[in-house]
Amino acid sequence: MNFSATAPLNNTSTYSVGFAIKKLTRLLGPVGIILHFYVYALVLLSISRLALIVWQAERTLAEDSWPQILLNGLRIDISVLSYLFIIPVLVTCIALFFNSNKETLRIFIKIWLITAVTALVFFEAITPTFILEYDLRPNRLFIEYLIYPKEVCAMLFTGYKVEIISCLIIIALAIKFLTKLFNTHWQASTNLPRKYKAALAIVLILMCALGARGTLQHRPINPAMMAFSTDHLVNELTLNSLYSTLFALKQMQLEMSSADFYGDMPFEEALAQVQQASNLAPEQYLNKEVPTQAFHQASYKGKPKNIVILLQESLGARYVGALGGLPLSPSLDKLMTEGWNLTNLYATGTRSVRGIEAITTGFLPTTSRSVVKLGKSQNNFFTIADFLQKQNYHTQFIYGGESHFDNMKSFFLGNGFADIVDHPKFNKIAFEGSWGASDEDLYIQAHQEFTQLAHNDQPFFSLVFTSSNHTPYEFPDGKIDLYDKDKNTRNNAAKYADYALGAFFEKAKKSNYWENTIFLIVADHDSRVAGAELVPIQNFHIPAVFIGEGIEAKKDIRLTSQIDLAPTLLSLAGISGDHPMLGHDLTQEIPDNKLRALMQYDKNFAYITNTNKVFLQPDKEALVIGKNTLPEDEKKSLITRVKAHAILGSKLYQNQDYK
C-alpha cells in the first residue's frame, strides 16, 4: 500500500487548520486566549467525567446512563465556564474598546485564567478520593473540613500521602501547561474596526450569560434539573466538582438554624420536650441514632392499601365553600361529605416546598429553607416514599411541569421516589400553560398510571402535584362558568382546579384501583399570606380530606397540622413500622392538651393550641396570647415547649438524625 500520496495531504490539512486557528487568534486579539482556555477547560472536564464513568462502570452502565451523564455534564460545564470567564470577557471587551493598558490587561487575564482552570483541575484531581470516602463529589463536607485545618491536615498527611503528592504533581503540571498555553497564544491587540469590537463584545457577553443560565426555562440550570437517576452518585457525575462545591456553599448560607433566631436550647432538652408533646410515651423512643424514631402501629389491620396524595396548589380555606370560603369548590365540598374531613387544619408554611416537606417527611418547620432544597437532605433523609419503598411499594411523583422546579426532582430521587412522571413523560397534553400541563391533563395521566399499576400485585404510593391554580392562572376555555368576569384570575383558576379534581374522582370511583386506595386531598399552602399579625394564622387554614373505600364519612373539628397527615395516612393504609415522624396519628385519640398547629412565617414561628397562641420572633421575648392569663410557671413551660418545636428540626437536620 502506498502511503506517500496521502502524507502531503495530511500535512497540508494540519497546517491549514493550525494557520486558521492562529489567524482567528490574531483577529480576536486578547479574546482569543479566553476562547483557548474555555475549550481546553471543557475538554478537561469531559475527560475527567468520562474517566469517572468508566471507573464507576458497574453503576453507570447498569442503567445505561452514561450518555445522559455526558450530555447533562456538558451543560453544567458550559454553565460553570461561562460564569468563570464572563469577568475576563467583560474586562477584555472594555479594554479593547477604550484601548486600555495592554500589559495590565495581560497580567490580569493571565492570573484569572490560570487560577480558574487550575481550580477546576484541583477539584477534579481530588474527586476520586472523595468518592471513595463519601460516594459523592466534593460538596459541603469539603467546606466544613476547612473549619478544622489542624485536624484535617493531620488526617491528610497521615492517611493520604500518595493522594496529596499526586494532586500536587497534577497541579504543578497544569500550571506549567497553562502558562505555556497563555504565553504561546496571547495577542495583545486586534485590528478589528471599532464597530466590530462592539459587536464582538455584545455577542460574547450574551453567549456567556446564556451559557451561564444553561437553559431558556423558568429557572437557571441546577443539579435538580440534571438529576435523572435514583443512584445519587450517577446524578453527581453529571456535575463537576467545582460546581458541586460552590453550590453546596450557596446552600449552606440558607441553613440558618432556628436557634440563631430564638435562642439555643440543649438538644436533649428540645428532644425531650417534643417527645413529651407527642402522643407516644417517652420510653417508646429507643433508637439513639434516630432520636425521634419510634414504632407506630397502624389502625387498619387488613392488606396494605395504595396511597395517593393529591396536593392542591395554593388552595387556602378561603376558596373552599365547605370551610366558609368562596363558592368555588363544589367538587371538593361534595368529596368532604363523603370522606374524613379535617376542618381545622393548618399549613406549616407559605411555599409549596414547605408543604411538600410537611406532607412527605413529617418534618418540623424551621427558619431555614425547606429540606427539599437543602444540601444535607438530598439523600438518606426520611420520606414516606422511602419508608413505603422498603415495604415493597412502588413510589411515584406526578407533576405537569418540570419536576426539577424547586429542586423537587433531586430531593425525591434521592429519598425514595423511584418513578418521576413529569411534563416530558406525559402521554398527551391537551392544554399547556406556563407551568406545564393543565390539571385535567395531569389527572388523566395519573388515572392512566394508577390503572396500570393496579394490574400488579405490588401496592403503590403516588404524590400528584397540581399547578393550574398558580399565577398566571391559565386553563382551557369552556370548562367552567367564570366566577370573575376576566378569565385569568385566581378565583377562576381555583374553580377550574376544583372542576378537574371532580372529573378525576368520577373516573377513579369506577376504576380498578378505587377499592384498594386511600386518597388524601390537601393543599400545600394558601395562595397569599399577608397581614399585620406576626403570623397571619387565618391565611394558613387549608382543606384536607381522606377518602376511599372503607373511609368513614365524618367531620373532624380537631386542631391539626400538616405534619399529622403522613402518620395518619400510613395508619389508614395499614402500614406499621419504625419511623421518625413526630406528627399525630389522627386515627388515635389525641388529648386536647396535645392538639396543636405549627406555622413558620419568614423568621416568625407560631404554635397554636385550643386555648393559646405563642409567637416566637428573632431576638425578642415570646408573645403568648390566650383566652385566659396563664400563671407564670405555666406560661414559661409553654414557651419552652414551643421553643423546642421551633429549633429541634434545625438540630435534627444539622446532625443528620432524621432518617
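**Figure 1. Confidence across the predicted protein chain.** Welcome to a predicted model whose protein chain averages a pLDDT of 87, with 91% of the residues scoring at least 70. Residues 1–11 are the stretch to treat with care: their pLDDT is below 50. Beyond near neighbours in sequence, this stretch has 0 contacts in the model. Where pLDDT is low, predicted coordinates should not be read in detail.

**Figure 2. Helices α2 and α5 side by side.** Two packed helices are described by the angle between their axes and the distance between the axes. Here the axes of α2 (residues 30–55) and α5 (residues 102–134) come within 11 Å and cross at roughly 0 degrees. Angles under 35 degrees count as roughly parallel, and α2 is therefore roughly parallel to α5. On the α2 side, the contact is made by Pro-30, Ile-33, Ile-34, Phe-37, Ala-41, Leu-44, Leu-45, Ser-48, Leu-52 and Trp-55. Facing them from α5 are residues including Leu-105, Ile-109, Leu-113, Val-117, Leu-120, Glu-124, Thr-127, Pro-128 and Leu-132. By class, this contact of α2 with α5 has 19 nonpolar, 2 polar and 1 charged residues.

**Figure 3. Helix α8 and its buried residues.** Helix α8 (residues 161–185) has 25 residues. From first C-alpha to last, α8 reaches 36 Å, close to the 36 Å expected at 1.5 Å a residue. Which residues of α8 are buried? They are Ile-164, Cys-167, Ile-171, Ala-174, Leu-178, Leu-181, Phe-182 and His-185. As you follow that list, recall that an α-helix has 3.6 residues a turn, so residues three or four places apart point the same way.

**Figure 4. Helix α15 against helix α20.** The axes of α15 (residues 330–338) and α20 (residues 490–508) are 7 Å apart, and the two helices pack at an angle of about 50 degrees. That angle makes α15 oblique to α20. Pro-330, Ser-331, Leu-332 and Leu-335 of α15 make the contact with Asp-498, Tyr-499, Leu-501, Gly-502 and Phe-505 of α20. These residues divide into 6 nonpolar, 2 polar and 1 charged.

**Figure 5. Helix α16, enclosed by the rest of the structure.** How many residues of α16 (residues 352–361) are buried? The count is 10 of the 10, so α16 is largely enclosed by the rest of the structure. Among these buried residues are Arg-354 and Glu-357, along with Val-353, Ile-356 and Ile-359. Just after α16 comes Gly-362, with a positive phi of about 70 degrees.

Figure 6. Most residues other than glycine have a negative phi, and most peptide bonds are trans. With that in mind, take a look at Ser-314, in the loop between β2 (306–312) and α15. Ser-314 is not a glycine, yet its phi is positive at about 55 degrees. Is Ser-314 buried or exposed? Ser-314 is buried, with a relative accessible area of 4%. Asn-392 also has a positive phi, near 70 degrees, and lies in the loop between α17 (384–389) and β4 (394–399). At 48% relative accessibility, Asn-392 counts as partly exposed. The loop between β8 (460–465) and α20 holds Pro-472, and the peptide bond from Thr-471 to Pro-472 is cis, with omega near 10 degrees.

**Figure 7. The surroundings of Ile-575.** Ile-575 is found in the loop between α21 (565–573) and β13 (577–579). With a relative accessible area of 6%, Ile-575 is buried. Setting aside residues up to four places away in sequence, Ile-575 touches Ala-298, Pro-304, Phe-387, Leu-388, Gln-391, Tyr-393 and Leu-570. Lys-303 is 272 residues from Ile-575 along the chain, and their C-alpha atoms are separated by 9.1 Å.

**Figure 8. Asn-604 in strand β15.** Our last stop is Asn-604, placed in β15 (residues 604–608). Its relative accessible area is 16%, so Asn-604 is buried. Which residues does Asn-604 touch, not counting those up to four places away in sequence? They are Tyr-262, Leu-534, Val-535, Met-599, Leu-616, Gln-617 and Pro-618.

Conventions
Residues are numbered from 1 along each chain as its sequence is written. This is a predicted model: local features need pLDDT of at least 70, side-chain atom pairs count only at pLDDT 80 or more; totals for chains, interfaces and linings use all residues. Side-chain values use heavy atoms; hydrogens and water are left out. Axes are lines fitted to C-alpha atoms, for helices over the stretch in contact, and angles run from 0 to 180 degrees between N-to-C directions. Helices (H or I, at least four residues) and strands (E, at least two) are DSSP runs, numbered from the N terminus. Angles under 35 degrees count as roughly parallel, over 145 as roughly antiparallel, 65 to 115 as roughly perpendicular and the rest as oblique. Contact means heavy atoms within 4.5 Å. Ala, Val, Leu, Ile, Met, Phe, Trp, Tyr, Cys and Pro count as nonpolar, Asp, Glu, Lys and Arg as charged, and the others, Gly among them, as polar. pLDDT is the predictor's confidence in each residue, from 0 to 100. Buried means under 20% relative accessible area, exposed over 50%, partly exposed in between (1.4 Å probe, protein chains only). The expected span of a helix is 1.5 Å times one less than its number of residues.
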